[in-house]
Amino acid sequence: MGTTDVLPPPLLELLSNSLVLHQICPYLPISGLLNLAATSKSFHSFIFGTPNVFRYLDLSTTKGGAVDFAPIDPGGEIWRSERMDEAVTEEDFFAGPLRGIFSTLRKRGVLQDVQTLILDGLSVPAEVVREIICDPPFNVRILSIKGVKNLNERKLKQVLKYACRLGRPEGTPKLRGLYFFGPERRKEGTLPLFSQYALDSSFSSLGVTTSVGAQLGTHWNRRSQDALSSVLEPDADPWYRPSGVLSVADHVAEWADVLSVCQGIIAFDGILCRGPRHDILSIVGDPKGPTEKLMTRSEFMALASATVVLGPGGCQVCHSAPEGLAIPGEVPTNYLPLLEPPPRHTSSLHFAQIAPCGTSSSGKLPLLARCKACLVDRWCEGCNKFWCEDCYQTSEISTYTQMQKVEAMENGGGPGLRMGIKVHLGLCIEDCLVGEMYNGAGSGGMWG
């Protein structure tokens, strides 16, 4: 014979390579894996006998887990007209499709192997989340429930607090990371997770930057900066760029108490603000620390979620912050958020929080994020510059109302502005505020 065609290796032989199998399985839907196992006894024994084949499970595209109609019983008439078992609650009704999928997977011996579970956009009541976290059949370590439907957030908070209570059994909860605050998925034409400026921003309710023209101009300038940052730093996560205000800031802000109870136990795609005004030791004092920098009780603030990302550069003067920059591998896990997307090839919390390489001593980018209250008169909404408490003491004008600040500026600045303040009306004096005033001056200005 002349030449002999060399046939490719059989699929079973190819998948028997653990490296190939480990790379391919997270990208295959559960239906594809089960259909492959049904083709022959050899494939069946191989798929169900190999560890980690079902470790990553994405059900977000599963049609059987979706409920495409509005909540039942909006006025009591529809519910009473249906012939149902009276013991079925509304939450049980909406949990039915997902529980049916879990029941099938349990019977097939798959459910106990799942460690990363993606349920984005499905009907996921709080009771289902409780079952995933607390019930023995589940071994989920990373759970994503972004954009889910029919979820009672108040009950979810209770579930998480109960799972992380002080008297919980040893080794519980198994869950280590929860994706919840971010959007369900990035769609073409939608705003990113972080936006430098929101039209309904609560930072400034009065002043030169609140007219419609000024807000629209600033908004488009920020979007241009976002696009430029994405081009210059395509691999940098928004948490590690000077991204500005979190677009879901109001949502995250309501969860500070839960983040506090769960810190060190369950990580989230949101973090607490670590500004010095939230530290009780800054008032009562640390027995081992200095006492000359103690704050008054009026300066102390309750716990709050970080909703503004300041970037790895830190303060404009010292390039750090009193609380220190959070560098992965050098700080506790509760200082770091879960990053998008959830890791496919591991269920380790470390890899879910791993940051891109940077210029720090560890080769990783540092993170600095704070709540809005910690940044009043310290952060510029225009260029994202920030001055920390150690390098800049806010003047008397920082205690004024917005109307008083406008009057002070119109009257020549007053004592506060003459003392060299850095930020006024949400914009830095040196660059952004002066530019906005010049651009808006006169009848031909953008908003004058």
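Author: Ground rule for the rings: those of Phe, Tyr and Trp (its six-membered ring) pair if their centres lie within 6.5 Å; planes under 30 degrees apart count as stacked, over 60 as edge-to-face and the rest as tilted. This is a predicted model: local features need pLDDT of at least 70, side-chain atom pairs count only at pLDDT 80 or more, and totals for chains, interfaces and linings use all residues. Residues are numbered from 1 along each chain as its sequence is written, and side-chain values use heavy atoms, with hydrogens and water left out.

Reader: Fine. How many aromatic pairs does the structure hold?

Author: There are 7. One of them is Phe48 with Phe54, a tilted pair at 5.7 Å centre to centre and 40° between the planes.

Reader: Is Phe54 buried or exposed?

Author: Phe54 is buried, at 5% relative accessible area. Buried means under 20%, exposed over 50%, partly exposed in between (1.4 Å probe, protein chains only). Phe48 is partly exposed at 27%.

Reader: What about Phe102 and Phe138?

Author: They pair edge-to-face, 5.2 Å centre to centre with 80° between the planes. Phe102 sits in helix α6 (residues 90-107) and Phe138 in the loop between α7 (126-134) and β3, so the pair ties together parts 36 residues apart in sequence. Both Phe102 and Phe138 are buried. Helices (H or I, at least four residues) and strands (E, at least two) are DSSP runs, numbered from the N terminus.

Reader: Which residues form the aromatic cluster?

Author: Phe180, Phe181, Trp255 and Phe268.

Reader: Switching to the sheet. What is the strand order?

Author: β1-β2-β3-β4-β7, an open sheet of 5 strands with parallel pairing. β1 (56-58) and β7 (267-268) are the edges; each has a single partner strand, so one side of each lacks a neighbour in the sheet. Two strands pair if DSSP finds at least two bridges between them.

Reader: How many bridges join β2 and β3?

Author: 3, linking residues 116-118 with 142-144 in the parallel sense. Ile118 has Ser144 of β3 as its bridge partner.
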